[in-house]
Amino acid sequence: MNDATRHLIDIDRLSDDEIETLINRACALASGADPGHLDASVANLFFEPSTRTRVSFELAAARVGMQPINIEMAQASTTKGESLEDTVATLAAMGIGCLVLRHAEIGLHARLAAALPAGVHLVNAGEGSRAHPSQALLDAATLRARGIEPAGLKLAVVGDVRHSRVAASGLRLWPRLGVEELRLAGPADLLPAGQPSPGVIHCSTLEEAVRDADVVMMLRIQHERMDRSGWPDPAAYHADWGLKSEHLDVAAANCVVMHPGPINRGVEIAAEVADGDRSLILEQVRMGVFMRMAIFEWLLKR
Amino acid sequence: MNDATRHLIDIDRLSDDEIETLINRACALASGADPGHLDASVANLFFEPSTRTRVSFELAAARVGMQPINIEMAQASTTKGESLEDTVATLAAMGIGCLVLRHAEIGLHARLAAALPAGVHLVNAGEGSRAHPSQALLDAATLRARGIEPAGLKLAVVGDVRHSRVAASGLRLWPRLGVEELRLAGPADLLPAGQPSPGVIHCSTLEEAVRDADVVMMLRIQHERMDRSGWPDPAAYHADWGLKSEHLDVAAANCVVMHPGPINRGVEIAAEVADGDRSLILEQVRMGVFMRMAIFEWLLKR
Amino acid sequence: MNDATRHLIDIDRLSDDEIETLINRACALASGADPGHLDASVANLFFEPSTRTRVSFELAAARVGMQPINIEMAQASTTKGESLEDTVATLAAMGIGCLVLRHAEIGLHARLAAALPAGVHLVNAGEGSRAHPSQALLDAATLRARGIEPAGLKLAVVGDVRHSRVAASGLRLWPRLGVEELRLAGPADLLPAGQPSPGVIHCSTLEEAVRDADVVMMLRIQHERMDRSGWPDPAAYHADWGLKSEHLDVAAANCVVMHPGPINRGVEIAAEVADGDRSLILEQVRMGVFMRMAIFEWLLKR
């Protein structure tokens, strides 16, 4: 694969070296390292609404000198019956150097990447509930930029773990980085089905998950998921599964709180925790741009 | 406030010196002065549809070297339940240097600006019926670029003064610039409630407003407002309150006509007046880009 | 007209020299010639949905150094009652150097161009069923880049010729370039009304059109047109009018296949032909960007 065109499909396609390279480069850029200038254009294809991820990729592209093109897929050629394969081949023929794709269909990103001509790169910016690799990578870079190394840590992921693509990519990344205990917590029907893999622990209460934890990653709860799970309203969900100040009292002394955003204040996280001094939430947003710059550099620079 | 981050919230937060600086710089840019290069990105957040104002800010940003990012708020994260406060904090964390915001909620711009981190600037691009400061400033710059100084002039503002944010910001700017007589004219229920302040005159006919006037600023009439006021149709409104050539005969000899656009030909203004040699309407559009360039420079250059 | 502002309205307004200049310049750019740097902004005004054409113009603009501005007309000021004439005059006043317009109204582009101030250029990016000149020009450039000169060739255009603006602009271009036989083929009610002009042949079967043809240009079939023409479904249309491998057996030995896209696989063209080695479809897409760069250069450089 060394001479093949690079894509970012998911964590498990990256070598340990590549993961280190990306995390270190994002941290270096955040510390003021000069970004390279990449002479290429980037098409943002978002089939699901997104502000933060699209803008983060758009800003990252501009900061490394690339020309960002936004394509709102709701009203694009696919509505004229063209297949997404043909849309992507068309954009490649136009000289687009990089496609940033969010789409609900699992497996689509890998299939499209395999069909792209050499020199055209694909970045997975969200794939159903399966993968969101740039988010997992930026989370790791956020910790490193704060001086926190995942190796040996207890890390809790709380909420709708089953349907979260952020959690799915994280589950592939954290063990690679040496996390000691990966605790998954949430309502029983929102935890992954089946037995947990080695090193992974399923917790049935929030208290159990956060006790002595070094990192607590809260996930966004979807309202429709909350309803289905039998919680009558956001306040009831918050009572059982919302991260509150009291939980931080039983966590490790230097425990940090993360959330991929957008946050629901008073639902999965109390406002005082989101805005508190343990929170890295805005730092994740900041590091997201640097990680996406690092991704573009890694894809295009050889 | 000298070392605080600058914002453009409304006219009354600007010193006389700042107003002069902005107007003079817009005129200088219009005359060919080199724009500076500002290394920052600008997010356009428009919660109300707008072509002209959004494009004017986008072009102005690009001309001073800034990277414009458009965010269509109808389909943005706020629809996922995120508060606008969190959206704005997220954009600031991404490294956006300047937020250009149009929103119906009065007081929102000042509240959001106060919560922004240092170094992130907010520009009010329309705030309900309360403020649209860049429009008032560009109107003043349009006059100066034409060699017309507001000091000592009779200036008439005609139409739906009560609900116009353009008029509201103008009412704060014109007295500061020494306008001698500020005449407000329109259907009684579309004039500001209460007694006029000193130097302001409420006129009950269009003829009264334009007689000897040096500047006539027509406001866009909203169809729903017209209906409510008892005019059966645009032609009836035009008969009573539409600016026609005959009105210019009683105005001052060098009277100029302005309108913030988009214009309704044959409603608040006759086509022959809009396109006539007294009209500064397209000149306002032209100066709008230069004023927004001047605003970006003033905000970011210290 | 030598000192007037240039526009691209349709093929018949271009001199033979201008056509040659545009085709040659697109080929030179495709071969690596340095694009000039044009210091101007371009507004994309698309009143009909389009991904490929809009993105092609946007990429072309950026590659010659121009600032592209996208204006989605569905929600633009025209919905506030402003006329398109006023919208265009407003954009010109803002300093936009070039307007790229797609609109269903026939004759609109020429009318708007005539009203523009000097120095502001208009490009027709689609005009009802009447014209799409940049597509015809890029088709010619695609042939030349492949070493195929139109002079003396048999060229077949197949499908809904009557309603196709691509075909309409091609019908004006191909005879100018010396095509020997221009064959139009399609269901009878989708062929142009009236008698064909000299050098043009109406064919009643696909087989007749492709026999010994050097170039076969397939047109996109609209589903609503297919229904009206009495074909019960796409497969039935494909049986009669879809280009299949067997047709290429009776065409000229080096026959090439073109399609303006987006393609309907299995309707007007079989997948194996679209993806086959006679197909220039993606090459047309690639040349499209270079042709639009050449158009911008031709418009703005004097």
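Predicted model: local features only at pLDDT ≥ 70, side-chain atom pairs only at ≥ 80, totals over all residues.
The relation between the copies is considered at the outset. In general, two copies of a chain are related by a rotation about an axis and a shift along it. In the present model, chain B is superposed on chain A by a rotation of 120 degrees with 0.0 Å of shift along the axis, at an RMSD of 0.0 Å, and that is the relation of a three-fold axis. Within chain B, the C-alpha nearest this axis belongs to B:Asn70, which lies 5.7 Å from it. The two copies use different surfaces in their contact, since 10% of the contact residues of chain B recur in chain A.

The interface of chain B with chain A is made by 20 residues from chain B and 21 residues from chain A. The area buried between chain B and chain A is about 1,800 Å², and carbon and sulfur atoms account for 54% of that area. Two salt bridges are counted between chain B and chain A, and one salt bridge is formed by A:Arg265 with B:Asp86, whose closest N and O atoms are 2.7 Å apart. Polar contacts between chain B and chain A amount to six residue pairs, with both residues at pLDDT 80 or more. On the side of chain B that touches chain A, β2 (67-72) and α3 (84-93) of chain B each supply at least two residues, and β2(B) gives the most, with six residues. By residue class, that side of chain B divides into nine nonpolar, seven polar and four charged residues.

The interface of chain C with chain A brings 21 residues of chain C into contact with 20 residues of chain A. Here the buried area is about 1,800 Å², of which carbon and sulfur atoms give 54%. The residues of chain C that lose the most area to chain A are C:Thr51, C:Arg52 and C:Leu59, which together make up 26% of what that side buries. One salt bridge is counted between chain C and chain A; C:Arg265 forms a salt bridge with A:Asp86, and the closest N and O atoms of this pair are 2.7 Å apart. Four residue pairs are in polar contact between chain C and chain A, again with both residues at pLDDT 80 or more. Three elements of chain C, namely α2 (52-63), β2 (67-72) and α12 (281-300), each supply at least two residues of the side that touches chain A, and the most is given by α2(C), with eight residues. The residues on that side of chain C comprise 10 nonpolar, three polar and eight charged.

Within chain A, the division is into domain 1 (11-132 + 286-300) and domain 2 (147-279), with the C-alpha centres of the two domains 27 Å apart. In the contact between them, 18 residues of domain 1 of chain A meet 13 residues of domain 2 of chain A, and about 1,200 Å² is buried, 51% of it on carbon and sulfur atoms. On the domain 1 side, A:Ile11, A:Arg52 and A:His132 lose the most area to domain 2 of chain A, together 39% of what that side buries. Three salt bridges are found across this domain interface, and six residue pairs are in polar contact there, both residues being at pLDDT 80 or more. The side of domain 1 that touches domain 2 in chain A receives at least two residues from each of α1 (16-30) and β4 (121-127), and its largest share, four residues, comes from α1(A). That side of domain 1 divides into five nonpolar, five polar and eight charged residues. In chain A, a salt bridge also joins A:Arg176 and A:Asp16, with the closest N and O atoms 2.8 Å apart.

Some features of the backbone complete the description. Most residues other than glycine have a negative phi, and most peptide bonds are trans. By contrast, the peptide bond from A:Gly261 to A:Pro262 is cis, with omega near -10 degrees, and A:Pro262 is placed in the loop between β9 (256-258) and α11 (271-274) of chain A. In chain C, a cis peptide bond joins C:Gly261 and C:Pro262, with omega about -10 degrees. A positive phi, near 65 degrees, is found at A:Asp212, a residue other than glycine, and A:Asp212 lies in the loop between α7 (206-210) and β8 (215-218) of chain A.

Technical notes: Residues numbered from 1 in each chain as written. Chains lettered and ligands numbered in written order. Heavy atoms only, no water. Contact = heavy atoms within 4.5 Å. Buried area = accessible area lost by both parts, 1.4 Å probe. Salt bridge = Lys/Arg side-chain N within 4 Å of Asp/Glu carboxyl O. Polar contact = N/O pair within 3.5 Å; in protein donor to acceptor, adjacent residues only side chain to side chain. Nonpolar A, V, L, I, M, F, W, Y, C, P; charged D, E, K, R; others polar. Domains from an automatic or database assignment. Least-squares fit on C-alpha atoms with pLDDT ≥ 70 in both.
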